[in-house]
Amino acid sequence: MEKSEHLDLYQQMVVIRILEGRSAELYQQGKIGGFLHLYIGQEAVSTGLISARKPQDRVITAYRDHGVAINCGISAKEVMAELLGKATGVSGGKGGSMHLADVNNNFWGGHAIVGSHLPIAAGLALGDVYQKQDGVTICMFGDGATNIGYFHEALNLSKVWKLPVLWVCENNQYGMGTTVERASAVSEIRQKADGYAMKNDNVDGMDIMKVREKALEMIEEIRSGSGPQFLEINTYRFRGHSMGDPERYRQQEEIRKWQENDPIGIYRRYLVEEKIASEEELNGEDKKANEIVEDAVHFAESSPEPAAEELFKNIYVEEGR
Ligand SMILES: Cc1ncc(C[n+]2csc(CCOP(=O)(O)OP(=O)(O)O)c2C)c(N)n1
Ligand SMILES: [Mg+2]
């Protein structure tokens, strides 16, 4: 990898971290409505994974989607404006936190119903097969989603039809306040893929380079016709499930232990130890990331609300009928 690519990935991770910290503040000030699920702690997962895709590869995820959107190439401005429900947001201010999407960047959303986007991912991949495209669909979901019927239907059909999908489970150890052990028959989630005779693996989600390497390998195998594969990525969310979570279900000690493996700290150390970048250069990247986020907040706050007519656009019924 070129140095500039490393710095770009590092900056994406820091932008996500700072943007989410700022959005938590704006939420507390009442400027963001609805739910807000932060990705802090999981940045190496989507940054590593999406760095391995080609432009024709589609990405689809659940509601913890701000980081994924940034990694797919959506600007911090458009993400922040969407969080504030502004017309300049990536979904025109009508989607909000859980419904960021931009097909121009091959990012197919942001989905709020747990597991609901897995059959959609299978459908996207089937569409590519029909049209003889060589894209791979990367479908990300949580550990909790693997206990839902949609998950099993989608994995099964994807294997029967040899669809080009990389199923990615972000195992952050909890579905809301419930540990994996209390909700899933198997605690190593990749074992569920064995039930569909699907090649599977796992990787440390706190280390971006490991995620990227594994993703590159699996995506290329899928592109070459291996059929669907399954990757479990072990990670941890440093914040609550969503804003307002009192977090009575886990100990501070556990959070601290995971924070010692902060994915940004791990990448930083790697870049310095491998002499790819100096501390000063990385501090410069942090400063730039901070400016990008502050510009985004200013842009979002000074943007207009969507017009009332917008209520009648982008719905399934033709206008005027
Ligand atoms: C079908 C459905 N059931 C319940 C919910 C409420 N709910 C929202 S998030 C969530 C937990 C999902 O956990 P996981 O898939 O591990 O994702 P994470 O939040 O950890 O990223 C639940 C139960 C929902 N949105 N949809
Ligand atoms: Mg989870």
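This is a predicted model: local features need pLDDT of at least 70, side-chain atom pairs count only at pLDDT 80 or more; totals for chains, interfaces and linings use all residues.

Student: Okay, and where is Arg223 found?

Tutor: Arg223 sits in helix α9, which covers residues 208–226.

Student: Is Arg223 buried or exposed, or partly exposed?

Tutor: Partly exposed, because there are 16 other C-beta atoms within 10 Å of Arg223. Being buried would take 20 or more, and being exposed 12 or fewer.

Student: How far apart are Arg223 and Leu7?

Tutor: In sequence, 216 residues; in space, 27 Å from C-alpha to C-alpha.

Student: Switching topic: at what angle do α4 and α12 pack?

Tutor: About 45°, with the axes of α4 (residues 76–83) and α12 (residues 279–302) 8 Å apart. That angle makes α4 oblique to α12. The crossing of the two helices is right-handed.

Student: Which residues meet there?

Tutor: From α4 you have Ala76, Lys77, Met80 and Ala81. They meet Ile292, Val293, Asp295, Ala296, Val297, Phe299 and Ala300 of α12. By type, the α4–α12 contact has nine nonpolar residues, two charged and no polar ones.

Student: Now the ligand. How many residues surround ligand 1?

Tutor: There are 13, and the closest are Val114, Gly142, Gly144, Ala145 and Gly175.

Student: And how do the residues of that shell divide?

Tutor: Around ligand 1, six are nonpolar, five polar and two charged.

How values were computed:
Residues are numbered from 1 along each chain as its sequence is written. Chains are lettered from A and ligands numbered from 1 in the order in which they are written. Axes are lines fitted to C-alpha atoms, for helices over the stretch in contact, and angles run from 0 to 180 degrees between N-to-C directions. Helices (H or I, at least four residues) and strands (E, at least two) are DSSP runs, numbered from the N terminus. Angles under 35 degrees count as roughly parallel, over 145 as roughly antiparallel, 65 to 115 as roughly perpendicular and the rest as oblique. A crossing is left-handed if the near helix is turned anticlockwise from the far one by less than a right angle, and right-handed if clockwise. Two residues are in contact if their C-beta atoms, placed from the backbone, lie within 7 Å. Ala, Val, Leu, Ile, Met, Phe, Trp, Tyr, Cys and Pro count as nonpolar, Asp, Glu, Lys and Arg as charged, and the others, Gly among them, as polar. A residue is near a molecule or strand if its C-beta atom, placed from the backbone, lies within 6 Å of it.
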